[in-house]
Amino acid sequence: MKSFACREASRLLSRTSAGRRTPIAAYAISAKALPNVRSYNVQSDKASVEITSRFDGVIKKLYYEPDDMAKVGKPLVDIDIQSDISAADEALLNGVGDGAAAQETPKPTEPQEQELEVSRNDTKALGGDEYSPAQSSSLPPEPMTEPTKPQRQPGKHASLATPAVRGMLKDLKLNIEDIEGTGRDGRVLKEDVQKHAEAAKQAPRSTIPSSTSFALPSQSLEDRVHTLTPVQSGMFKQMTKSLSIPHFLYTDSIDFSSLTQLRKRYNVNREKTERITPLPIIIKAVSLALQRFPLLNAHLDTTTNSAKPQLLIKGAHNIGVAVDSPSGLLVPVIKNVQNHSIASLAQEITHLADLARTGKLTSADLSGASFTLSNIGSIGGSAVAPVIVTPQVGILGIGRSKIVPAFGENGELVKKEECIFSWSADHRVIDGAYVARAAEEVKKAIESVESMLVQMR
């Protein structure tokens, strides 16, 4: 009957990923070894590791009970070897003992490299597959540090804990050896972990080491001067003038269901260039509303007589449409919208948008607007607070339509395509009620397209 000692295996298992060495007392047998088995488990505060015997046989004696602490260089089990033993294995068995353990224990004056070399030789002797010499040699030497305070003497079972306690330690990222256990033989309990965690939270931030640190790359960034483009210069002048306008904002949601159904019926079997989008229908609905609320289609004249400003109500509905072009935001103007059909408006919008994207808009295409539409929904967003361009007194911002749940006439749940319209008006000459009535007129026309078609000439 031969005695199988796992001194070398214990030393290898006691190395952590950071290259530090932890006492063998941190490991405990977690499952009782049974006859005719070749492996058993030892558990540390971080993992459960299986140690496999290289000999076939029957276990005759257990030196430790489950949850007991294994000691360095001491046998774990006695195995009655049933198979033949080679000369190398016989030499290994005869060399394993207290004398070998004493030789492997490095002297305090020996360098750390010698200790790592011994570990590599031990690995070869064990014939283990999991622990290769390359893995052992890659471990950095342990730094020599002087203890700043006396070490706490843990109890016999200070490093043991129940699975629930170890789960708490893992969640809180704590080391069981840093916690003083109050259980039997120094065991760490749930209360000890909670007490330690609360004490760490109450400690100053400067005393708590950061778990991770990121080294941000240093970049040399220089400031640069950007000259305003002609489009930005024009926008700067216009928006500076607009700062003197007290804006009145009014928003409302519009049901696009009727509009979408009309577009789908019209666009069936038509070429892409002949299809219509919601924008020409909205522009036509705004033009019909301006006939009933002409104050929104006006210019505020403050230059002729500054003491007595006056409104110049425009007869023609010249509606500017904001277009996102490569050079910036441009607002080409569709002249005489009141005389256009929805189909002709769609063609005019496409024509002006192409000129804007190719940079071929003339000054005549960009001047003379009496009212403006900003279709921000083509890019994104639901609601917007559009800024009025002087001398105009109103502007409409159109958001992106989206499907929302709603209730039908009989209380049933239905889908509704909703879009937010945001109106801005010059509150010096236009009051909120006037804007709200004009917005309601546009809403009725879009939600019931058939009634709008009746009003068209």
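Me: How are α10 and α11 oriented to each other?

Reply: Two packed helices are described by the angle between their axes and the distance between the axes. Axes are lines fitted to C-alpha atoms, for helices over the stretch in contact, and angles run from 0 to 180 degrees between N-to-C directions. Angles under 35 degrees count as roughly parallel, over 145 as roughly antiparallel, 65 to 115 as roughly perpendicular and the rest as oblique. Here α10 and helix α11 (residues 342-357) pack at about 120 degrees, with axes 9 Å apart; they are therefore oblique to each other. The structure is a predicted model, in which local features need pLDDT of at least 70 and side-chain atom pairs count only at pLDDT 80 or more, while totals for chains, interfaces and linings use all residues. Residues are numbered from 1 along each chain as its sequence is written, and side-chain values use heavy atoms, with hydrogens and water left out.

Me: Which residues of α10 and α11 meet, and what is the handedness of the crossing?

Reply: Contact means heavy atoms within 4.5 Å. Leu279, Pro280, Ile281, Ile283 and Lys284 of α10 meet Ile342, Leu345, Ala346 and Ile349 of α11. A crossing is left-handed if the near helix is turned anticlockwise from the far one by less than a right angle, and right-handed if clockwise. The crossing of α10 and α11 is right-handed.

Me: How many of the 15 residues of α10 are buried?

Reply: Buried means under 20% relative accessible area, exposed over 50%, and partly exposed in between (1.4 Å probe, protein chains only). In α10, 12 of the 15 residues are buried, so this helix is largely enclosed by the rest of the structure. Among them are Ile282, Ala285, Val286 and Ala289.

Me: At what angle do α10 and α12 pack?

Reply: The angle is about 135 degrees, and the axes are 9 Å apart. That makes α10 oblique to α12. The contact joins Ile282, Ala285, Val286, Ala289 and Arg292 of α10 to Tyr434, Ala438, Glu441, Val442, Ala445 and Ile446 of α12. This crossing, too, is right-handed.

Me: How is the span of α12 judged, and what do its buried residues pack against?

Reply: Helices (H or I, at least four residues) and strands (E, at least two) are DSSP runs, numbered from the N terminus. The expected span of a helix is 1.5 Å times one less than its number of residues. Helix α12 (residues 432-447), with 16 residues, reaches 22 Å from its first C-alpha to its last, close to the 22 Å expected. Its buried residues pack against β7 (247-255), α9 (257-267), α10 (278-292), β17 (413-426) and α13 (449-455).

Me: What polar contacts do the side chains of Ser242 and Thr372 make?

Reply: A polar contact is a pair of N or O atoms within 3.5 Å; within protein, one must be able to donate a hydrogen and the other to accept it, and residues adjacent in sequence count only if both atoms are side-chain atoms. Ser242 is found in helix α8 (residues 230-242) and, at 4% relative accessibility, counts as buried. A polar atom of the Ser242 side chain lies 2.6 Å from the backbone oxygen of Ile388. Thr372, in strand β14 (residues 371-374), counts as buried at 6% relative accessibility. The side chain of Thr372 makes a polar contact with the side chain of Gln392 (2.7 Å).
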